[in-house]
Amino acid sequence: MNTMAVGETPKIVVGLDGSERSIAALRRAAALADALGARLHLVAVWQYPSIGAGAYPVDAELFESWARDSIGEAKTKVWGATPPGSLTALVRNGSPARVLIEESRDADMLVVGSRGHGGFAGLMLGSVSMAVAEHAKCPVLVVHDAPVAAKPAEGAPVAASARH
């Protein structure tokens with residue numbers, strides 16, 4: 001877990017995969033970052049497909065481009081054309097859970113959606129959210145519900161504005 005020096009800005013890492021739940025996680029993280037004066041670090045991870053691997057040529061640039069596009073689309077959905085200036089982003093190849101756990105080492109919080117594009121529809125938690133909840137090096141927020149506004153209402157308590 002990150003041990004912040006006095007005056008250091010807190011860091012919230014957000015796992016994105018382009019799913020509606022990951023957009024909801026970004027909206028929730030944006031509300032928290034705004035309330036806490038934290039900076040956001042967006043992370044999208046891509047993997048080579050496991051089905052048919054080796055049978056067809058795989059264009060790594062295409063998968064990386066899709067991941068990069070998912071970050072761009074998420075930023076547009078949450079902030080339109082004006083994302084915060086302190087926002088940073090990372091696109092990596094690898095296991096989503098492993099990369100997010102690595103990114104949690106210098107984070108103050110990790111925020112993920114409860115389920116992404118993979119898995120089984122009836123599960124409450126996806127495999128990535130379960131793995132990061134168990135192994136991350138910082139507190140983890142798993143977002144289950146609908147998106148919230150990126151900015152809390154004027155004068156609203158943080159806890160009330162974060163619930164929806």
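**Figure 1. Confidence along the predicted chain, from helix H5 to strand S1.** In this predicted model, the lowest mean pLDDT among the elements of the chain, 43, belongs to helix H5 (residues 158–162), whereas the highest, 97, belongs to strand S1 (residues 11–16). The pLDDT is below 50 over residues 119–124, a stretch that has six contacts in the model beyond near neighbours in sequence. Over residues 158–164 the pLDDT is likewise below 50, and this stretch has nine contacts in the model beyond near neighbours in sequence. Where pLDDT is low, the predicted coordinates should not be read in detail. For the chain as a whole the average pLDDT is 82, and 72% of the residues score at least 70.

**Figure 2. The whole chain and its order of elements.** Five helices and five strands make up the secondary structure of the chain, and they follow one another along the sequence in the pattern β-α-β-α-β-α-β-α-β-α. Among contacts in the chain with a separation of 6 or more, 74% are made by residues 24 or more positions apart. Of the 164 residues, 38% count as buried, and the accessible surface of the chain comes to about 9,200 Å², with 57% of that surface belonging to carbon and sulfur atoms.

**Figure 3. The open sheet of five strands.** The strands are arranged in the order S3-S2-S1-S4-S5, with parallel pairing, and the sheet they form is open. S3 and strand S5 (140–143) stand at the edges with a single partner strand each, so one side of each is left without a neighbour in the sheet. On average, and with direction ignored, neighbouring strands of this sheet are turned by 20 degrees against each other.

**Figure 4. Strand S2 and its two pairings.** Strand S2 (residues 39–46) is mostly covered, since seven of its eight residues are buried. S2 pairs with S1 in the parallel sense over six bridges, and in this pairing Arg-39 of S2 is the bridge partner of Lys-11. The pairing of S2 with S3 is also parallel and also extends over six bridges; here Ala-44 stands opposite Val-91 in S3, and Val-45 stands opposite Arg-92 in S3. In a regular strand the side chains alternate between the two faces of the sheet.

**Figure 5. Helices H1 and H4 against the sheet.** Together with S1 and S2, helix H1 (residues 20–36) makes a right-handed β-α-β unit. H1 lies across S1, S2, strand S4 (109–113) and S5, and runs at about 170 degrees to S1. Helix H4 (residues 127–135) also packs on the sheet, where it touches S4 and S5, and the direction of H4 makes about 160 degrees with that of S4.

Figure 6. In H3 the buried residues are Ala-97, Val-99, Leu-100, Ile-101 and Glu-103, and what covers them includes S1, S2, S3, S4 and H4. An α-helix has 3.6 residues a turn, so residues three or four places apart point the same way. Ala-131 is found in helix H4; leaving aside its neighbours within four places in sequence, Ala-131 is in contact with Ala-97, Ile-101 and Ala-136. From Ala-131 to Leu-100 the distance is 9.5 Å, C-alpha to C-alpha, with the two residues 31 apart in sequence.

Figure 7. When neighbours within four places in sequence are left aside, Ser-95 is in contact with Val-45 and Gln-47.

Notes:
Residues numbered from 1 in each chain as written. Predicted model: local features only at pLDDT ≥ 70, side-chain atom pairs only at ≥ 80, totals over all residues. Heavy atoms only, no water. Helix = DSSP H or I, 4+ residues; strand = E, 2+ residues; numbered from the N terminus. Buried < 20%, exposed > 50% of the residue type's maximum accessible area, 1.4 Å probe, protein only. Contact = heavy atoms within 4.5 Å. Areas by Shrake-Rupley, 256 points an atom, 1.4 Å probe, with all protein chains shown as cover. pLDDT = per-residue confidence, 0-100. Pairing = 2+ DSSP bridges. Right-handed = clockwise from strand over helix to strand, strands pointing away. Axes fitted to C-alpha atoms, helices over the stretch in contact; angles between N-to-C directions.
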